[in-house]
Amino acid sequence: MSREMARVQIIGLKPALLPVIRALGELGCVHLDRAADAPELLLQPLSVDAALIRAQEEISRHFAQVKGLLDMLGIARRAAPPAGMTVEPLDVIYARIAELVPQVRVLKAQQDALRAERELLARFEDTMRQLLPVFPPMARQPDSVSFGLLVSRSHADVLTLIASEVGRITQGRAETATAAVGEALCAMLIVVPRAYADPVNALLDREDVSRLRLPREFSTDSPDAAIAALRRQLNALPGRLAQVEQDLAALAQRWEDRLLLWSDRLQDELDAYEVIASAGETGMTFVLLGWTPEDEVERVQRALYERAGDAVEIIRLPVTPEERRHAPVLLANPAPVRPFEALVRLYGLPGYDVLDPSRLMALFMPIFFGMMLGDIGYGALLLGLVFLVRRRLKPGMMHSLTTVLAYGAGWAIVFGVLFGEFFGRLGESFGLHAILFDRASEDHLLDLLALSVGVGGMHLVLGLLLGLWEGARQRSRHHLLERGGRLLGLIALFLLVGALVEVLPDGLITPAAALLVIGTVLLGASLGRIGVLMAPIEMIGLVGNVLSYLRIAAIGLSSVYLALVAGEIAGTVGSVVVGVIIAALLHALNLVLGAFSPTIQSLRLHYVEFFRNFYEGGGRPYQPLAFRLPHVHEQGKEAS
Amino acid sequence: MMETGLMAIGAGLAIGLAALGTGLAQSRIGAAGAGALAEKPDLLGAIILLIAIPETVVILGFATAAMILLLG
């Protein structure tokens, strides 16, 4: 169920706007709407002056810098702010950011340059080593100049053309050597007397061929000396890189908590400024409009009075039925039901003032799960595994799912006792017998099907009764006719089947047929003109809804037969050890399927079969203005 | 004996063909759903629903197979 909400209007003198917004952010319990959207209040949006816009831009810019620093220093965000710290005033934060940004940028630039150099030099060294065996002797003479060219293998013929052109320019005094570099490239070294260096250089520039340019510090040496120098440089690089990375890590360690704190502080400040856009105004006053839980109104009143005194007033507004329908929704269920709220949200958040199905889901979903898995051994094993895993999980969807699985595993143990199953029929060896019936026996297949359909029928009837109640509360003729018609049709269906299989007296056939007709007419009436055509189809669909619950039997049977197969195969293998291993593997597979499949199928039975009879999502989530650092106060200011 | 064999084949066809149909439908819905999820992760609930809908076909196949075996 959702908490009762009060619609509140906060009016204050304009200078008190930011202190009031900050107080609301610290309270974290007021969901704000756009005041100008409330037609009855006739407000215009608050006009924002240039100073306010500048302040917001300043915060925004510094927030972006802090995010950049966090990224550059590799600091991960945390769910909770650093504990026990006080935060500096904004101007101090800005000054410290201004000091820190250049330090980190310089180190990052050094790190990037060293990494690029390491990559570049390694590539040069590799190419030079490929060329070294074919180096012309002339390349080692002091009055010679070398040019390196790199082309892809598919354009290797270009090198021949260039070599002939260089030969023409130097009148045959050039020497060339070609070698493959890697799988895709081809390199050529051209050595010419120093006197021809300029015309050859001009030719190569004109032809726009990729040049193998050694970094300047190596280019004047002879090829052997250049390779030796490259190697020395490459050997020195890891040490220099490690030093820079160590400096960055030291900065990260020193500033981590503070940067995270600043990030939260600036984000809070930005949130506060964004709220200004939702405010309305009259001549001298601002107006904020929102929702807060009914039992929080007094606390909000007290906090605002403490912060702004008589400059602000909070008024509880009357709520029209239309506004009530659109009130934000804050679900408030007991702790055992809360994990199921996440599953209900997956379908759609309940609207305000409509039935929240979380409690019903918390009751029925684990029962359906237990009916499908229905084995003491699997249930106990799953329960153990769930408790092992959930300790390591943070609160969230996965944590909620493990709780749902734990409930389901508990019910699996209960149904395991009723069906007499412990890893299939292993329990028979120590005297375990079915209390209800043996699912695996073909004599009881009909019982299992009847149990599934019976439970499904009751589930659907409950859903339709809730739907009728909701329809009556909302005074919706359409819902009353539709759900009433379906309910009558469902009852008629059960009576007819009961009479036909001679469980119920024959005399019920006529009243049941009459009920079916009445139900179809009601359903048709709810659908309007197309009802004549659609109502019988919908009634057939209702049969499909009931039969859909047969999946409880189907999944249950597949689980129990896989467990039996595991036992049988293990028994037929000669070696005890191999038999135990095979059985363990098959049981493990069954356990995985047993955890996954019943969850999905139970979820489907609720979403498709159960919810459609009474539940509509579409609720508006309650999202109060809530600061990340509500209790961390600025240094030098008194804690409130 | 012949009759039992035919019943078994009938039951197998009832559930097998229904499962094939469900699988085909789910593969298409699943592929489209995965695409939609990549764009809009909050559609997860609706997509689970859409993927689960064709499963009724195989459950009806199971019901038919069970009826063939039990009532035959």
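Colleague: How far apart are N and O in the salt bridge of A:Glu421 and A:Arg439?

Modeller: It's a predicted model, and there the two side chains meet with N and O 3.0 Å apart. The pair links distant parts of the chain, with A:Glu421 and A:Arg439 18 residues apart, each in the loop between α13 and α14 (445-473) of chain A.

Colleague: Are A:Glu421 and A:Arg439 buried or exposed?

Modeller: Both A:Glu421 and A:Arg439 are buried.

Colleague: Which residues are linked with A:Glu4 and A:Arg324 in a network of salt bridges?

Modeller: A:Asp353, A:Glu470 and A:Arg473 are in that network with them.

Colleague: Switching to sheets. What is the strand order in the open sheet of three strands in chain A?

Modeller: β4-β6-β5, with antiparallel pairing. β4 (144-152) and β5 (175-181) of chain A each have a single partner strand, so one side of each has no neighbour in the sheet. The twist averages 20° from one strand to the next.

Colleague: How many bridges pair β4(A) with β6(A)?

Modeller: Nine, and β6 of chain A covers residues 185-193. For a landmark, A:Ser146 has A:Val191 in β6(A) as its bridge partner.

Colleague: Which helix packs on the sheet, touching β4, β5 and β6 of chain A, at about 120° to β5(A)?

Modeller: That's α3 (residues 90-131) of chain A. Helix α4 (residues 157-169) of chain A also lies across β4, β5 and β6, running at about 5° to β6(A).

Colleague: What about β5(A) and β6(A), how many bridges join them?

Modeller: Seven, and they run antiparallel. A:Ala177 stands opposite A:Leu189 in β6(A). Three residues separate the strands in the hairpin, where A:Gly182 takes a positive phi near 65°.

Colleague: New topic, α10(A). Why is it described as largely enclosed by the rest of the structure?

Modeller: Because seven of its 10 residues are buried; the helix spans residues 338-347 of chain A. Among the buried ones are A:Phe340, A:Leu343 and A:Leu346.

Colleague: What do the buried residues of α10(A) pack against?

Modeller: In chain A, α11 (358-373), α13 (397-419) and α19 (576-610), together with α2 (44-52) of chain B. Just after α10(A), A:Gly348 takes a positive phi of about 150°.

Colleague: Over to chain B, then. Which residues form the nonpolar patch on the surface?

Modeller: B:Met2, B:Leu6, B:Ile9, B:Leu13, B:Leu17 and B:Leu20, with about 670 Å² of accessible area together. B:Ile9 is in helix α1 (residues 2-39) of chain B, and at 51% relative accessible area B:Ile9 is exposed.

Terms used: Residues numbered from 1 in each chain as written. Chains lettered and ligands numbered in written order. Predicted model: local features only at pLDDT ≥ 70, side-chain atom pairs only at ≥ 80, totals over all residues. Heavy atoms only, no water. Patch = residues over 30% accessible without salt bridge, like charges linked within 9 Å, V, L, I, M, F, W, Y side chains within 5 Å. Areas by Shrake-Rupley, 256 points an atom, 1.4 Å probe, with all protein chains shown as cover. Salt bridge = Lys/Arg side-chain N within 4 Å of Asp/Glu carboxyl O. Helix = DSSP H or I, 4+ residues; strand = E, 2+ residues; numbered from the N terminus. Buried < 20%, exposed > 50% of the residue type's maximum accessible area, 1.4 Å probe, protein only. Pairing = 2+ DSSP bridges. Axes fitted to C-alpha atoms, helices over the stretch in contact; angles between N-to-C directions. Contact = heavy atoms within 4.5 Å.
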